[in-house]
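Biologist: Please take a close look at one part of this model, beginning with a single side chain and its contacts, and then describe the helices and loops around that part of the chain.

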Amino acid sequence: MRRIFLLLTITAAMATTFTSCLKEPVDDGPGPGAGKTTYQYNWPAIADSSAASLVSNFYNQSGKYFNKNNTGDLTFNYWPNAHALDVLTDVYLRTNNPAIKTRMDELLEGMKVKNGNTYINHFYDDMEWMVLACLRAYEATSDNDYKTTAELLWNDIKGGWDETWGGGIYWNKDRQNKNTPANAPAAIIAARMYQLNRNGEDLAWAKKIYDWQKANLVDPVTGLVWDGLDGTGTNKAWKFTYNQGVFIGAGVELYKITGEQVYLSDALRTANNSLTGDFASSNIMKDEGGGDGGLFKGILVRYMMLLITDGSINSSDASKFINFLQLNAQTMWLQGTARPQVLFNTSWTKTATATDLTTQLSGAMLIEAAAKLKALELID
């Protein structure tokens with residue numbers, strides 16, 4: 001009830017914090033029209049075209065996984081495929097299309113085969129992305145295969161913690177450094193596992209991982225989330241969008257469980273900082289390159305959405321983040337999308353026809369976020 005009330009309040013109170021100078025023609029379908037004076041965004045149709053492009057340009061039908069790019073590199077990479085499962089879950093939740101569930105099931109099995117007939121991986125953060133995707137897939141489908149996979153991986157991930165540098169989970173099994181991508185997602189996982197199974201040990205894990213993350217890798221004044229500690233325990237102060245996103249997500253999940261305002265305040269501080277010059281210019285999220293960097297923006301989008309829908313934030317804050325995401329989606333769709341293939345670019349203000357899976361996934365996350373905001377009647 002609190003969430004429904006919040007969404008109604010946001011709808012009534014939304015103000016235009018960010019404005020778009022885009023002046024594009026009206027079109028009822030998923031692409032710009034011609035000879036008209038305004039543009040009508042049909043977000044469900046746009047999301048359908050985005051989902052179709054992801055499959056047609058990247059899915060490896062014989063291998064049951066998504067290729068590295070759209071130009072013929074058939075390399076399997078674990079962590080982008082975990083996010084592909086997350087995006088397929090977005091599509092399934094939006095459409096309830098059983099064909100999407102079939103694709104999700106294929107990908108679950110295909111990833112296991114390509115990873116050496118196991119889901120266990122050398123990188124703790126890669127497994128964490130898979131756990132998060134599987135938990136959402138289980139929530140959407142009630143298929144126990146996803147829950148079983150998530151629990152298998154979570155048990156392995158917990159082995160990455162030790163007391164070096166006061167705690168924290170290592171980035172990988174070489175056990176040389178600890179970073180935000182291996183800890184903030186783990187806090188989200190532990191909180192969601194607690195919500196699923198009501199095992200107090202999971203809540204204890206969520207709190208101790210979060211506390212270590214906050215103490216070591218978050219600026220207490222600005223909320224900026226740094227990347228990690230190197231092999232000497234020294235802070236590597238790299239600034240990436242996805243690190244902001246997962247800390248926001250961890251704060252929201254712990255706030256939902258505990259009701260303790262500190263978690264929500266932390267999430268809001270980091271979210272507000274993520275709108276600044278470190279991560280955005282003229283309210284458009286920055287280009288972080290292809291490869292791994294191509295996925296970073298989408299992860300911030302996903303957890304900023306969680307803050308909007310699950311964070312019980314006030315209407316003014318919600319409007320700010322909603323309008324930020326809306327402007328980014330509008331800009332990417334009209335300026336950063338290659339047609340007719342519907343391919344997204346690392347820059348959301350320029351087009352490119354050669355695109356990594358990581359980059360395409362970030363764009364797809366943004367489009368699915370816009371479609372959800374539309375379904376909730378929070379944007380036009």
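Modeller: Apart from neighbours within four places in sequence, Leu132 is in contact with Asp86, Pro185, Ile188, Ile189, Arg192 and Tyr303, where contact means heavy atoms within 4.5 Å. Leu132 is part of helix H5; helices (H or I, at least four residues) and strands (E, at least two) are DSSP runs, numbered from the N terminus. Leu132 is buried, because its relative accessibility is 1%; buried means under 20% relative accessible area, exposed over 50%, and partly exposed in between (1.4 Å probe, protein chains only). Between the C-alpha atoms of Leu132 and Met193, 61 residues apart along the chain, the separation is 9.9 Å.

The model is predicted: local features need pLDDT of at least 70, side-chain atom pairs count only at pLDDT 80 or more, and totals for chains, interfaces and linings use all residues. Residues are numbered from 1 along each chain as its sequence is written, and side-chain values use heavy atoms, with hydrogens and water left out. The protein chain has a mean pLDDT of 92, with 90% of its residues at 70 or more; pLDDT is the predictor's confidence in each residue, from 0 to 100. Over residues 1-30 pLDDT stays under 50, and the model has 76 contacts beyond four places in sequence for them.

Next, the helix pair. The axes of H3 and H4 come within 9 Å and cross at roughly 165°; axes are lines fitted to C-alpha atoms, for helices over the stretch in contact, and angles run from 0 to 180 degrees between N-to-C directions. H3 is therefore roughly antiparallel to H4, as angles over 145 degrees count as roughly antiparallel, under 35 as roughly parallel, 65 to 115 as roughly perpendicular and the rest as oblique. Residues making the contact include Leu85, Leu88 and Tyr92 of H3 and Met104, Leu107 and Met111 of H4. By class, the contact residues of H3 with H4 are 11 nonpolar, three polar and two charged (Ala, Val, Leu, Ile, Met, Phe, Trp, Tyr, Cys and Pro count as nonpolar, Asp, Glu, Lys and Arg as charged, and the others, Gly among them, as polar).

Two loops remain. Asn96 sits in the loop between helix H3 (78-95) and helix H4 (98-114) and, although not a glycine, has a positive phi of about 55°. Asn96 is exposed, with a relative accessible area of 54%. Asn117 lies in the loop between H4 and helix H5 (124-141); this residue is not a glycine either, and its phi is positive, about 65°. Asn117 counts as exposed at 53% relative accessibility.
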